[in-house]
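Have a look at the picture before reading on.

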Amino acid sequence: MDRAATEAKIAALIEPFNKKGVAISDATTFAGDLEFDSLTVMDFVAAIEDEFDIIISMNQQAEIETWGQLVDAVVKLQG
Amino acid sequence: MSDLFSKFDPLIEMRSNLLATGVTDPFSMVMEKVLSPTEAICNGRPTILLGTYNYMGMTFDPDVIAAGKQALDDFGSGTTGSRVLNGTYAGHRAVEDALKEFYGMDHAMVFSTGYQANLGIISTIAGKGDYIVLDIDSHASIWDGCKMGDAEVVPFKHNDIGAMEKRLKRIPEGAGKLVVLEGVYSMLGDIAPLKEMIKVAKDNGAMVLVDEAHSMGFIGPNGRGVAEEQGCLEDVDFVIGTFSKSVGTVGGFCVSNHPKFEIMRLVCRPYVFTASLPPSVVATACTSIRKLMHSHNKRAHLWENSRVLHKGLRDAGFQLGTDEPQSAIISVIMPDLERGAAMWEALLKEGLYVNLARPPATPAGMTLLRCSLCAEHSAEQVQTIIGMFTRAGTATGIIG
């Protein structure tokens, strides 16, 4: 799956978690802009993992701060 | 001024806002005198203790105390050394032998605290390229063990067997796998479906570590924990436990049947690079563990206490962490931290101490009043406790 298709799928997954309807760009941060707490992160990560049948370990999550980094990581993890 | 402490500013502010309401600080209470496993003098007032981990009430057992005093006389106040150098005395071996007997396992390794047992075992056995699959509600010592090691850490939703299985199946071929579970989760007092979870873990080629800190001495026909109760203890590769709960002193341990387990004594840094437990501590632990093997009547009374308190609080209108009593922990869910702290203080003034638990220790951002029962609580005390809760809950508006 290419980057655009991956991003579109993740964009659909984030909708229920983006309660304030924050406009998302590559630079959008999860902790800052989207105000995700650890529980939201867990549920959102689980949704992505199930959609793409991948694992995003805590170690990898620690490296992901922005939307752009997340999309890149999911593209890479799909191999 | 901005410095390294600036990151704590939000917490400092939250705390000062809470104390500004005039509430007694829930996190700096001092017990001036401890009268028994169930009673103390707190802030000058006789208080029933319902927030300790003294599940089996062993702290004032005369045999336990005599063993500690004898060890102080015979071996001195401390070992001043590591277990692998000058810090293994006869008492350390004796308590490891008692643990092997208690669990019916081949190997036992005693650490200086339960925290270090999780920290040491998890960080040592799961290394670079291995995967740790763990429940999201795991204790801080488990998370810290994961962080200290180099393995990939993969959490799953609390007690969700399907979520655990999916993650296990996604792990790359050939990677080492460790599943970490707890028997009793200490915040809500709920237990894990260990039998089903361990079967899934084994079917997917994982080793299994179960923390039985809050079940030892109480749950299971012989007090070996939730895995014994559910008939799957023989499938657990590593049981982690503590001396600071039912055993009634301090220390931690791991028991295992793994044939190569003894090598852990040389490679596990939180075991090697710290002083061993004082002789009096291992002597009290050893005596207590041996008495716990035969404490069937106490176990039955503790279950009775748990059932009566759970029903009493539920009937009074409180929201509880579990629908049925599953352990010696009954967790009362508070609407928020402010009202939780007010209720906590009202209970203290009634003469009852419970634990006020709040995030990040609690799941889902909950504020909890955590009640942990003791086998030495009398049936009358449990009724007194229910009365105190009802009065304090009405006064603070928690129940209608």
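## A look inside chain B

Of the 400 residues in chain B, 52% are buried. Keep in mind that this is a predicted model. Chain B has 14 helices and 16 strands. Its radius of gyration is 21 Å, close to the 21 Å that the globule rule gives for 400 residues, so chain B is as compact as a globular protein of that length. The C-alpha atoms of chain B fill a box of roughly 60 × 55 × 55 Å along the principal axes. Among contacts in chain B with a separation of 6 or more, 73% join residues 24 or more positions apart.

Now for the interior. In soluble globular proteins, nonpolar side chains tend to be buried together. Here, the largest nonpolar core has 124 residues, and B:Ile122, B:Ile132 and B:Val133 have the most contacts inside it. Domain 1 (13-56 + 296-395) and domain 2 (62-292) of chain B both contribute residues to this core, so it lies between them. Beyond its neighbours within four places in sequence, B:Ile132 is in contact with several residues, including B:Ile122, B:Cys146 and B:Leu178. A second, separate core has five residues, among them A:Ile10 and A:Trp67.

Next, consider strand 10 (residues 207-211) of chain B: four of its five residues are buried, so this strand is largely enclosed by the rest of the structure. The table shows its pairings.

| Strands of chain B | Sense | Bridges |
|---|---|---|
| Strand 7 (residues 177-182) and strand 10 | parallel | five bridges |
| Strand 10 and strand 11 (residues 238-242) | parallel | three bridges |

B:Leu178 has B:Met207 in strand 10 of chain B as its bridge partner, while B:Leu209 stands opposite B:Phe238 in strand 11 of chain B.

Methods
Residues are numbered from 1 along each chain as its sequence is written. Chains are lettered from A and ligands numbered from 1 in the order in which they are written. This is a predicted model: local features need pLDDT of at least 70, side-chain atom pairs count only at pLDDT 80 or more; totals for chains, interfaces and linings use all residues. A nonpolar core is a set of buried Ala, Val, Leu, Ile, Met, Phe, Trp, Tyr and Cys residues joined through C-beta atoms within 7 Å. A residue is buried if 20 or more other C-beta atoms lie within 10 Å of its own, exposed if 12 or fewer, and partly exposed in between; C-beta atoms are placed from the backbone. Domain bounds come from an automatic or database domain assignment. Two residues are in contact if their C-beta atoms, placed from the backbone, lie within 7 Å. Helices (H or I, at least four residues) and strands (E, at least two) are DSSP runs, numbered from the N terminus. Two strands pair if DSSP finds at least two bridges between them. The radius of gyration is taken over C-alpha atoms; the globule rule is 2.2 Å times the number of residues to the power 0.38.
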